[in-house]
Amino acid sequence: MRADFEIGDEYDLSMDRFMAGIDNDQNIDSFSALRNNIKDGNPLSEVVANIPDSVPGSDDPQSPGDTATYAQCWDESHFTPGHSVTFKVRRNVGGQTAITTRTVTVEGQSGDKVALIQESMPEDPDSPLPETNTKNIYRVDPTVPSTTQLSSVVSGRETSYSPGAITDYSLAQGESTSIEYEVIPENYRGETATINDTRTFAGIEAIDLPNVSGVEACRIDGTINNSQEAGSTDYTSWFAVGSGILLRNKTDGEVNSEFFGSSLPSE
């Protein structure tokens, strides 16, 4: 499990087969159930007894399966008016670190648009990082599925995105997409910037977080070019399978936010 591997090599394929075995086992409905069975001393071959000989979705055992898609981290409820979720995040901004409680609430807008209201409150009242409040407007298309961010308000500063920042959840493993849009200041002084964002759905992997291990996540690798800045910015983001909650975000190799709870919220 600690070996270096690449998508499609023997280690990755063995993990694909192992995950298929778990999916085929009606007695295992969560990672914790698997972990507890192994911890109790049961042999792995008995805990997961239905591991297939080849990768599901492929007749060639040397080729990766085609079952992994970014849609595994799409949850329409997180874009449904009335939905609310609260969890803890460890933030790192400018070398300053703080644990914050984050609440995201969905409000209905006209047509197919919704507003995601995000409030982040540091646990420590003397925290170097302030309380933040943001409001992001999205157009939602559950048939793709995809979202298009149209605008944001951060600390009273309103910015619009034209024609919009699209997130396409239909990407298959290894598939990439590129988008271009303008970032336009609406109620503050600033210049319009053109953003080019190329992102790749690298697949699903288990990551260890500060207080919980082995969380399955969709990994997105991306590169952003901003017309107002020199060079490019590389980022990697991990989103929880099933709920789509952002678990960890890295920018140019540095973690700037990660989930800090003992378990993922179920709602």
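Modeller: Cys73 and Cys218 are joined by a disulfide, with 2.2 Å from S to S; the term stands for a pair of cysteine sulfur atoms within 2.5 Å. By this rule the count is one disulfide. Cys73 sits in the loop between helix H3 (44-47) and strand E1 (84-93), and Cys218 in strand E9 (residues 215-226), so the bond ties together parts that are 145 residues apart in sequence. Helices (H or I, at least four residues) and strands (E, at least two) are DSSP runs, numbered from the N terminus. The torsion about the S-S bond of Cys73 and Cys218 is about 95°, so the disulfide is right-handed.

This is a predicted model, in which local features need pLDDT of at least 70 and side-chain atom pairs count only at pLDDT 80 or more, while totals for chains, interfaces and linings use all residues. Residues are numbered from 1 along each chain as its sequence is written, and side-chain values use heavy atoms, with hydrogens and water left out.

Cys73 has 3% relative accessibility and counts as buried. Cys218 is buried too, with a relative accessible area of 0%. Here buried means under 20% relative accessible area, exposed over 50%, and partly exposed in between (1.4 Å probe, protein chains only).

A search of the whole structure gives eight aromatic pairs. In the pair of Trp74 and Phe79, the ring centres are 5.5 Å apart and the planes are at 10°, so this pair is stacked. The rule pairs rings of Phe, Tyr and Trp (its six-membered ring) if their centres lie within 6.5 Å; planes under 30 degrees apart count as stacked, over 60 as edge-to-face and the rest as tilted. Phe79 is buried, with a relative accessible area of 14%. Ring pairs also place Trp74 and Phe79 in a cluster with Tyr70, Tyr138, Tyr169, Phe201 and Phe239.

The side chains of Asp221 and Arg219 form a salt bridge, at 3.0 Å from N to O. A salt bridge is a side-chain nitrogen of Lys or Arg within 4 Å of a carboxyl oxygen of Asp or Glu. Asp221 is partly exposed, with a relative accessible area of 24%, and Arg219 is partly exposed at 26%.

Thr223 can be followed from here to Thr233: the two are ten residues apart along the chain, and their C-alpha atoms are separated by 5.6 Å. Thr233 belongs to strand E10 (residues 232-240) and is partly exposed, with a relative accessible area of 25%. Apart from neighbours within four places in sequence, Thr233 is in contact with Gly222, Thr223, Ile224, Thr251 and Asp252, where contact means heavy atoms within 4.5 Å.

Lys88 in strand E1 pairs with Glu123 in the loop between strand E3 (113-122) and strand E4 (132-141), 35 residues apart. Their side chains meet in a salt bridge of 2.7 Å, N to O. Lys88 is partly exposed at 37% relative accessible area, and Glu123 is partly exposed at 43%.

Arg139 and Asp112 form a salt bridge of 3.9 Å, N to O. Arg139 is in strand E4 and Asp112 in the loop between strand E2 (96-108) and E3, so this pair ties together parts that are 27 residues apart in sequence. Arg139 is partly exposed at 34% relative accessibility, and Asp112 is partly exposed at 40%.

The structure holds seven salt bridges, and Arg90, Arg248 and Glu258 are linked in a network of them. Arg248 also lies over the face of Trp238, at 5.8 Å from the ring centre. The charged end of Arg157 sits over the ring of Tyr188, 3.9 Å from its centre. For such a placement, NZ of Lys or CZ of Arg must be within 6 Å of the ring centre and within 35 degrees of the ring normal.

As for the chain as a whole, there are three helices and twelve strands. Of its 267 residues, 36% count as buried. Among contacts with a separation of 6 or more, 41% are between residues 24 or more positions apart.
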